[in-house]
Amino acid sequence: MYSYIARQPIFDREMRTIAYELLFRDGMNNAFPDVSPEYATSRVISDQFLCIPVPRIACSHSAYINVPHQMLISGLGDALPHENVVIEILENAIPDERLFDAVKDLHNKGYQLALDDFTMKDSWDRFLRYISVIKFDIRGNSYQDILHYINVKQDWLKATEFLAEKVETKEEFDLYRSAGFSFFQGYFFSRPEIMKNKCLPQNTFSLCRLMMEVNREAPDFSAIESLLKTDLTLSYKIMRYVRNLLFKSHGIMKTDNFTLKEMLMYLGGDAIRRFVTVAALANMGVAGVSECYHLSMVRGKFCELIARQTERALLPCNAFVCGLFSLLDIILEVPMEDLIKQISVPHAVSAALCEHQGDLYNILALSLCYEQYNWEGASEICHTLNISEFSVIEAMQEATKWADEISFG
């Protein structure tokens, strides 16, 4: 399963790339598909920022993301990492009180905001102090009108930089650079480039059950945790979401010792609902379970069942995550070390997956021995873990049955 995105460079006054605008695509055809803006943005967030390591999308540069009016006032912009993203407010957004409150909130959280295809209406005046970049469409507005607006509103725009978009000639670039514009975008520089990335398949049934649970008046965090554990995509993305939304934005960098349930309780019902909303919008019309996806779930459950036999309190939960994530590098075609940097997992899990060390790695290796019919290696690990070889067979049978029920109903 693949995700597609077009990225168009944004240049500075020296014609150096300083950012990319990311545009949703549903295939290699370089045109916006016939979908709603909300669906497009949710897919960009879900498939790119909650799944693909950020440096693969925009290198070391910032990414400009279109976020529609309704998603902004619903708080869904919070799912994006503020240090990597400029949120673009679209030209059809309504400058009402709810949007004003959302913009102030995002600004206070450290986000940069841009007004895209800016209409130059007075109703946006009170927003300007919270805006980092204004994008002027030089095809839709005259040079004289744009400069007149900047001069009239100069007291509001002291901390704002200007971007000329749809620049098609060297003469237009020179004209707006001489007018003090900082950034430029358009076909004169570069057309959007299509990027194709592997993305995780989504278990629609799990997502539906999760949506029902999170929208209860009093969500059951244990039930939510159980549902997340049945879905590789959701488990991985919730951890990225936690880091992007909460821990980094509040300066809490060490999240390795948090369990999945503790993360959910720390987030609270509202933030979890936001995450599920993004996932649900992105999942419309997308389904499928691959062999790697199914095997990941088998491994997760197997590792959990074996860990329970070791009688160590925290080991089963961490063992499940270790098994579940053990094929992420193959599914996404990204090195495991790069993936683990993007999420919050206990040190024991990262040691097992990246360094092949610790008790969790022994448990995971036992699963691999069983898959490869390496009975001698399995026997050695059973001796190390002090468990019976027969219990391994039982655990694998139970894990396979569990994964089959989850995947295929």
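Trainee: What is the handedness of the crossing of H13 and H17?

Mentor: Keeping in mind that this is a predicted model, the crossing of H13 with H17 is right-handed. The contact is formed by Leu315, Asn318, Ala319, Cys322 and Gly323 on the H13 side, and by Leu360, Ile363 and Leu364 on the H17 side.

Trainee: And by class, what residues does that contact have?

Mentor: The contact of H13 with H17 has 6 nonpolar and 2 polar residues, with no charged ones.

Trainee: At what angle do the axes cross?

Mentor: The axes of H13, residues 315-324, and H17, residues 359-371, cross at roughly 55° and come within 10 Å. Angles under 35 degrees would count as roughly parallel and 65 to 115 as roughly perpendicular, and the two helices are therefore oblique to each other.

Trainee: Switching to H16, which of its residues are buried?

Mentor: In H16, which spans residues 347-355, the buried residues are Val349, Ser350, Ala351, Ala352 and Leu353, and they pack against H13, H15 and H17. Just after H16 comes His356, which takes a positive phi of about 55°.

Trainee: What does Leu353 touch, leaving out residues up to four places away in sequence?

Mentor: Leu353 touches Cys322, Phe325, Ser326, Met336, Ile340 and Leu364. Leu353 is also one of the residues that touch the most other members in the largest nonpolar core, which has 60 residues. Helix H12, residues 291-308, gives the largest share of this core, 8 residues.

Trainee: How many residues are in the second, separate core?

Mentor: That second core has 53 residues, among them Ala58, Ala79, Ala93 and Phe162.

Key:
Residues numbered from 1 in each chain as written. Predicted model: local features only at pLDDT ≥ 70, side-chain atom pairs only at ≥ 80, totals over all residues. Heavy atoms only, no water. Axes fitted to C-alpha atoms, helices over the stretch in contact; angles between N-to-C directions. Helix = DSSP H or I, 4+ residues; strand = E, 2+ residues; numbered from the N terminus. Parallel < 35°, antiparallel > 145°, perpendicular 65-115°, else oblique. Left-handed = near helix turned anticlockwise from the far one by under 90°. Contact = heavy atoms within 4.5 Å. Nonpolar A, V, L, I, M, F, W, Y, C, P; charged D, E, K, R; others polar. Core = buried A, V, L, I, M, F, W, Y, C linked by side-chain atoms within 4.5 Å. Buried < 20%, exposed > 50% of the residue type's maximum accessible area, 1.4 Å probe, protein only.
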